[in-house]
Amino acid sequence: IFSRVKDHFYSFSTVSIMPIQITYFAFRGNIFPVLVARAGGLDFTFNPVELANWPGDLKATCPFGQLPIMQDGSLLLAQSLAIANYLARKAKLLGETDEDFGLSQSLLQEIEDIKTEGRDGMSTVFAPEKKPGYDAFVKEKLPLHLGNLEKLVKGDKFTSVLTVGELGVFLLFHLYQDVLPELLDNFPKLKAFYQRVLALPKVQEFLEKDLKPLK
């Protein structure tokens, strides 16, 4: 049995009849597990946490002392990619073939590489000033990553069906375009991919309900 903690968790028996609980910070950012749950049509509740309320009592309940966390029945899971893949498995977003699965997972790792390099150089809408590594990242490193991704697109898809890897690439592009609206101008296949995923009804629902709007 799990006890409710600060309105973020509910009591569960071995078999849960409650929706999946996803808890993450309440800001416009990479709330990737929420996109996977929404696009996959899962029954879930998103519990946004205001920075002013962190850590509070919640941090002590997190397996690694950080967000996001997810609770599904008796399972309390941490780490964004682990949660995303868990939800993708439930939602059948891991791909129909071994090739789909392998490529999808490689896309997730590539996204992490881009984000790691971008932490020292990428501006945000909330911190628009250029960081010391901005020019090197935006003008040199990021175009190399995008060029490599462009080579993997077939038509407007990376995988034969929508996968967790495709959703990860989409969200990265969507958030980066807050600062770099011209991001995909030189990459027509990536732009076609982005527009295809953007048009999906469940993705539109995510953008309207879950992703904090720009102010």
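Predicted model: local features only at pLDDT ≥ 70, side-chain atom pairs only at ≥ 80, totals over all residues.
Residues are numbered from 1 along each chain as its sequence is written. Local features need pLDDT of at least 70, side-chain atom pairs count only at pLDDT 80 or more, totals for chains, interfaces and linings use all residues, and side-chain values use heavy atoms, leaving out hydrogens and water.

Helix H1 spans residues 32-39; helices are DSSP runs (H or I, at least four residues), as are strands (E, at least two), numbered from the N terminus. Eight of its eight residues are buried, that is, under 20% relative accessible area with a 1.4 Å probe, protein chains only. Among them are Phe32, Pro33 and Arg38. The buried residues of H1 pack against strands S1 (20-25) and S2 (44-49) and helices H2 (80-91), H3 (98-118), H5 (164-176) and H7 (201-209). Just after H1, Gly41 takes a positive phi of about 70°.

The axes of H1 and H7 come within 8 Å and cross at roughly 135°. Axes are lines fitted to C-alpha atoms over the stretch in contact, with angles running from 0 to 180 degrees between N-to-C directions. Val34, Leu35, Arg38 and Ala39 of H1 meet Lys202, Val203, Glu205, Phe206 and Lys209 of H7, where contact means heavy atoms within 4.5 Å.

The largest nonpolar core has 65 residues. Such a core joins buried Ala, Val, Leu, Ile, Met, Phe, Trp, Tyr and Cys residues through side-chain atoms within 4.5 Å. Val36 and Leu167 are among the residues with the most contacts inside it. H5 gives the most to this core, with nine residues. Leu167 touches Phe32, Leu35, Val36 and Ala39, among others, not counting residues up to four places away in sequence.

Technical notes. Buried < 20%, exposed > 50% of the residue type's maximum accessible area, 1.4 Å probe, protein only.
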